[in-house]
Amino acid sequence: MYRPNADLTIINILKKGIVRGNFTLHCGEQSSWVLDVLKVIDDLYTNSVLVTNTFPGLNPRLNKKAIVFGIEFGGAILAQRLFNVPGILRKDNTVYVPKYYNRGTDIVFLLDDVVTTGVSIRSGLSALKNNNIPVHQIITILDRRPIEQRNELSIQSLCSWEDLMESRL
């Protein structure tokens with residue numbers, strides 16, 4: 001699900017993490033920029049904005065029924081910093097399940113930093129399905145996918161590439 005016209009606070013937070021250069025993304029595509037998650041979540045204010053204002057009800061400290069699985073690398077870093085003891089999906093499809101996860105009662109969210117093609121998210125969904133862990137919602141910080149591809153996966157994104165461009169990145 002694309003969320004048009006992202007909140008200006010979120011856009012300004014994401015701008016802190018944009019790094020320019022020549023990069024090969026996990027999906028194999030070339031890019032002139034990447035989002036450095038560590039620059040985005042560098043202070044308590046930013047973390048608070050991302051958790052309480054953008055992901056209401058997702059914080060396991062506030063809602064014991066929500067479990068967040070972060071996709072390695074960026075999503076796992078976000079999940080660790082924002083949610084303390086998250087589930088982790090490694091690139092080799094190994095799944096780390098937190099000890100406090102209650103199969104069948106907890107609501108599971110899949111978190112990644114950036115979606116470009118959806119390959120990492122599809123892989124994460126498959127790994128969780130293979131472990132009998134149903135996913136309630138997929139969340140990303142930034143959606144780089146072309147607009148025409150955004151209906152292929154139901155993803156709640158905080159911001160799109162267009163939002164960043166309109167804000168004169």
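This is a predicted model: local features need pLDDT of at least 70, side-chain atom pairs count only at pLDDT 80 or more; totals for chains, interfaces and linings use all residues.
Residues are numbered from 1 along each chain as its sequence is written, and side-chain values use heavy atoms, with hydrogens and water left out.

**Stop 1: helix α5**

Select residues 119-130, which make up helix α5. Helices here are DSSP runs of H or I with at least four residues, strands are E runs of at least two, and both are numbered from the N terminus. The end C-alpha atoms of α5 are 16 Å apart, which agrees with the 16 Å that its 12 residues should span at 1.5 Å a residue (the expected span is 1.5 Å times one less than the number of residues).

Now show the side chains. Ile 121, Gly 124, Ala 127 and Leu 128 are buried (buried is under 20% relative accessible area, exposed over 50%, partly exposed in between, with a 1.4 Å probe and protein chains only). Look down the axis of α5: its buried residues fall within an arc of 125°, so they line one face of the helix. That arc is taken from the directions from the helix axis to the C-beta atoms. On the face turned away from the buried side, you'll find the exposed residues Val 119, Lys 129 and Asn 130.

What covers the buried residues of α5? Strands β3 (66-71), β6 (107-115) and β7 (137-143) are among the elements that do, where contact means heavy atoms within 4.5 Å.

**Stop 2**

Jump to residues 18-24 (β1) and 30-35 (β2), which pair in the antiparallel sense over five bridges; pairing takes at least two DSSP bridges between the strands. Arg 20 stands opposite Trp 33 in β2. Five residues lie between the two strands of this hairpin, and Gly 28 in the turn has a positive phi of about 100°.

**Stop 3: salt bridges**

How many salt bridges does a search of the whole structure find? It finds two, counting a side-chain nitrogen of Lys or Arg within 4 Å of a carboxyl oxygen of Asp or Glu.

- Arg 90 and Glu 72: their closest N and O atoms are 3.6 Å apart. Arg 90 sits in the loop between β4 and β5, and Glu 72 in the loop between β3 and α4, 18 residues apart. Arg 90 is partly exposed at 43% relative accessibility, whereas Glu 72 is buried at 12%.
- Arg 145 and Asp 143: here the N to O distance is 2.8 Å. Arg 145 is buried at 3%, and Asp 143 is buried at 1%.
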